[in-house]
Amino acid sequence: MIDFYIHQLGDRIYSKSYEKLEAILKEKGIYSRKTLKEKGILPTDSPFKLNISDDKKKMYYNEDIHENIVSLFNPNHYFIEIAVKKQIQLDCFNPSYISFGISKEIESKLISINETRGVSMGEVQVEGAIESKYISCIILPVSSNTMENNTLDKLIKYICDICTKNAFDLPIYDYSGKCLYSNKNQNEIQKSDSLFVEQKNPFNANGPVYAFSNEALSQYMSNYDFSEKKVLTSLGSGDFTLNAYLLGAKQVDSFDINQYTFYFYDLKRALIMNYDYISFCNLIKKPSIIFEKFDEYKKYLTADSINFFEKLNKMYNGNFNEMIKKIYIDKVGEEKNQYNESNTFNSFEELFLTAQYKNYYLQSETNFNALKSKLKDATAEKFYFEDLYSFTPPEKYDVVYLSNIGDYSKSENEFIEFVMSMRDKILNEN
């Protein structure tokens, strides 16, 4: 739950709500109607009617009881908490309203309960005005659970533009207390640009990672015998590893020049271990929820992975949508071109369906459960943070998979010569 007092403006679908928002940002304060009249912002004969039903008005002494006060709602009040969690509209509080978050420091200015009149459930009151120093954030009645990411991003940008126009930058939260945007967060993201450096060549030590393979593994892997085999593979998205286990491999070790591929393979593995097939598929279609549910599955992660994702979460301050855009090569909602067509999608639904087509383990609940069972016994797998050209594994394997690494060699002949020179060093005789 949000840890600020709440001053409500109006429903997010009404233009009037944004007019109020901009007026407050422009005036750098939230004022009572009396103060607004004194400042000449509101006509002195402006009428006021309580927006509650006649049978509820008996709780108020008269319609003008709010003339010189500003109303807030206490988020810790039992009925306010219930209203937010269950999306229930109360007489004077509506969880679908855009609001301002007011710092708890305002408590020193709250009117004593003995001096207030007409207080609704969870309501507290301030006399006269709330100065800008107490206005801590903007609260949206939306989240990644209730609104498509693109639509939510547009709404956040629209509000940020209003804030910028009025020189009053504020972070944006939802009612649960999740930070949707903050200027501090954006600065931290900019500082962390080196964490996921986007390059045309994805083979670098700190580049973004593939969420799923860009190869149709389901179209050829079954042509090879993986039963009880030891496998070495470039890690990438981790999908070759998972499909190899499903096809019977007893051990799958991996290497990659990108140090982050292991953490995201470990993440995918943990999700498979923790969730059933339907839940896993739904998470892929709504990826920001994956990071919101971190505590549910982190027991399956290595200690290094836990530290990595906790650091990542802190760095992005809970802004999972922004984080996803940065960490994955796979993009959703961007314009396609000849260079990104294979990993650019119109929606997360399309990304999932493409991944499902390419991977055996996503094609049925039976396959998914079979993989989960095999992963329980796959405890000896190793990951080598190495460049293929300077790496010789300490043991030999029955199957070695190099994906499309050859495409990034200086020449085809050079790559063939390298592979032939490595064959005896890393392949078993069979």
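Predicted model: local features only at pLDDT ≥ 70, side-chain atom pairs only at ≥ 80, totals over all residues.

Reply: Residues are numbered from 1 along each chain as its sequence is written, and side-chain values use heavy atoms, with hydrogens and water left out.

Me: How much space lies in the largest cavity?

Reply: A cavity is a set of points, on a 1 Å grid over the protein atoms alone, where a 1.4 Å probe fits but cannot get out. Points are joined across faces, edges and corners, and the volume is the space filled by probe spheres set on them. The count is one cavity of 30 Å³ or more. The space in the largest cavity is about 60 Å³.

Me: Which helix gives the most to the lining of the largest cavity?

Reply: Lining residues have an atom within 4 Å of a point, and among them here are F212, D330, L351 and K358. Helices are DSSP runs (H or I, at least four residues), numbered from the N terminus. With four residues, the top contributor to this lining is helix α13 (residues 348–358).

Me: How many disulfides does the structure hold?

Reply: A disulfide is a pair of cysteine sulfur atoms within 2.5 Å. For C160 the nearest cysteine sulfur, that of C163, is 6.1 Å away. The number of disulfides is zero.

Me: Is C163 buried or exposed?

Reply: Buried means under 20% relative accessible area, exposed over 50%, and partly exposed in between (1.4 Å probe, protein chains only). C160 has 14% and is buried. C163 has a relative accessibility of 2%, so C163 is buried.

Terms used: 1 Å grid on protein atoms, 1.4 Å probe; cavity = no way out; pocket = protein on both sides within 12 Å on 5 of 7 lines; lining within 4 Å. Helix = DSSP H or I, 4+ residues; strand = E, 2+ residues; numbered from the N terminus.
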